Structures are given as C-alpha cells and as structure tokens.
Amino acid sequence: MTSPIEPQAPSMTARLIAEIAGTFLLVFGLVGTAVFSAAFPGGDAGNPLGVGFLGVALALGLTVMIGAFAFGPISGGHFNPAVTLGLAAAGRFSWRDVIGYILAQLIGAILGATVIFALAANGPSGFLDSAVAGGFVSNGYDELSPGGFGIVAAIVIEIVITALFLYVILGVTHTRATAGFAPIAIGFTLTLLLLVAIPVDNASINPARSIATAIFGGGDWLVQLWVFIVFPIVGALIAGFSYRFLFDGLKRS
C-alpha cells in the first residue's frame, strides 16, 4: 500500500511571485480607492458618492485579507517589509530570506502604484495633476499631514500601529491560535488602525507602500519618506523581539 504523496513546499521563486502579487493587490486596492473613490465626484464638496476615510480603511483591510487567503499559503502573505522584518525578529521567518521578500514587495508596490497612475493619467482633464499635487496618497507630516499633525505624532503613530499590527499577526498565526481565521483578524486590524492613523499621517505601516506612492507624489513627499521607512520598521522590530519574551515563554513546572 502506497503512502499519500505530501505536497511539496513552494519554491522560493513561487514565494517571491506571491509576494509581488499580494503587494500589488494591496497597493492597487488602497491607492486606487483613495485616488478614485475617496471623494467622488472629484471636487464635489458634498462628496455624495465618495467612500471617505472609512472606505479607504476598509479597502486596505479587504485587500490584505483577500491577499492572505489567496497567497498566504504560498509565501506566508507578508506584503510588507516591516512585517517580514518583524516576523524574522520573532523567529517566525528566516533572516536569509528577508532581502528577497523585501525586494519582491517593493516591486509589487511600485507596479500597483504605476497602474493607478496610468489610469489616473487617462482620467478627466486635471485629474492626474490634482492627484499628484495631493501627494498621490503619500504619507506626510506637518503641512503634508491630512490633519496637520507634526513629525512627533507621525513617528509615534507609526511605531505604535505597526507594533500592534505585528502583535496581532504573531498572535493569530501562533500554533495555539484557532486555525483559518488569521486573515480575517489581520484585515480587520488594519482597518481599525487606519481609521486612527489616516488623519495623522495618511497611515503607512508599510514602507513598500510609502515608497511606491512617494515616487509619484515627488518633491516634499520624498523628503519626508524616511519617517515612513524607518519607524514602521522600528515598531515591527520592537514587536518581533518582545513577542517571544512576553507571550512565548515556556511554562515552568
């Protein structure tokens, strides 16, 4: 009697393609919603059909949830350099694979933003100029913050929300967690965190997403980009390194 054939683990190539696809989906969904649907019709003060902050937050939560279900079984569904680094710090991911994942995420994010830029370029007269003048959904502080918040607020919010996001990811993907629900919890967590952070700095949490949008926002947005690369990573590393001590300690008899 032959034993059942165990499915082979995905190759590194498959994993990297899955990270590109998942990050593309994330940026395409988030930036597309913010550019085309947050305020609709464009320039209408009443915004009768626009989805607003809530719609943008839900868009990110949904894209990450869908991406985690679709591509998570292949790559683990990181779609975010901060998540990859946080998982490595927590001992859940190999450090030797970090650079490949981050490069794949950057490619996916830039491709996603590029497609939205191309669509906006074919919009009504002045539509693209307006989107770029507004930063193309880039992150910012001071005069570039949606609510006028300063750099300290941007630093604090990025550290806090990214650390919280990593704690949730590490918790819901733990071997003791209920199987099958992790993408749902992760998606709703992102929605909640964005509802808090969008008015402060347009909510990064994800350096790849911030880099992709700042490329098209240009100018001052690129000058401030370092904050949205450094501090989400700081928050993720804090969560990753501390998780094992706070929650993964062995019970002593």
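A: A residue is called buried when its relative accessible area is under 20%, exposed when that area is over 50%, and partly exposed in between, with a 1.4 Å probe and protein chains only as cover. Helices are DSSP runs of H or I with at least four residues, numbered from the N terminus. This is a predicted model, in which local features need pLDDT of at least 70 and side-chain atom pairs count only at pLDDT 80 or more, while totals for chains, interfaces and linings use all residues. Residues are numbered from 1 along each chain as its sequence is written, and side-chain values use heavy atoms, with hydrogens and water left out.

The helix in question is H8, residues 207-217, which is largely enclosed by the rest of the structure because 9 of its 11 residues are buried. Those buried residues are Pro207, Ala208, Arg209, Ser210, Ala212, Thr213, Ala214, Phe216 and Gly217. Their cover, counted by contact (heavy atoms within 4.5 Å), includes H1, H3, H4, helix H5 (127-133), helix H9 (219-223) and helix H10 (225-247). At the start of H8, a side-chain oxygen of Asn206 comes to within 3.0 Å of the backbone nitrogen of Ala208, a polar contact being a pair of N or O atoms within 3.5 Å, where within protein one must be able to donate a hydrogen and the other to accept it, and where residues adjacent in sequence count only if both atoms are side-chain atoms. After H8 comes Gly218, which has a positive phi near 70 degrees.

Glu158 is buried yet has no salt bridge, and Arg209, the nearest side chain of opposite charge, is 7.7 Å away. Here a salt bridge needs a side-chain nitrogen of Lys or Arg within 4 Å of a carboxyl oxygen of Asp or Glu, and in assigning charge Lys and Arg count as positive, Asp and Glu as negative, with His and the chain ends not counted. A polar atom of the Glu158 side chain does, however, lie 2.9 Å from the backbone nitrogen of Ile205. Not counting residues up to four places away in sequence, Glu158 touches Asp201, Ala203, Ser204, Ile205, Phe228, Phe231 and Pro232.

A search of the whole structure finds 1 salt bridge. Arg15 forms a salt bridge with Asp97, and their closest N and O atoms are 3.4 Å apart. This pair links distant parts of the chain, since Arg15 is in helix H1 while Asp97, 82 residues apart from it, is in the loop between helix H3 (81-89) and helix H4 (98-121). Arg15 is buried, with a relative accessible area of 18%, and Asp97 is buried with 13%.

Elsewhere in helix H1 (residues 12-37) is Ala21, which counts as partly exposed at 26% relative accessibility.

Thr191, found in helix H7 (residues 182-201), is buried with a relative accessible area of 7%. Leaving aside neighbours within four places in sequence, Thr191 is in contact with Ala57, Leu58 and Gly61.

Notes. Helices (H or I, at least four residues) and strands (E, at least two) are DSSP runs, numbered from the N terminus.
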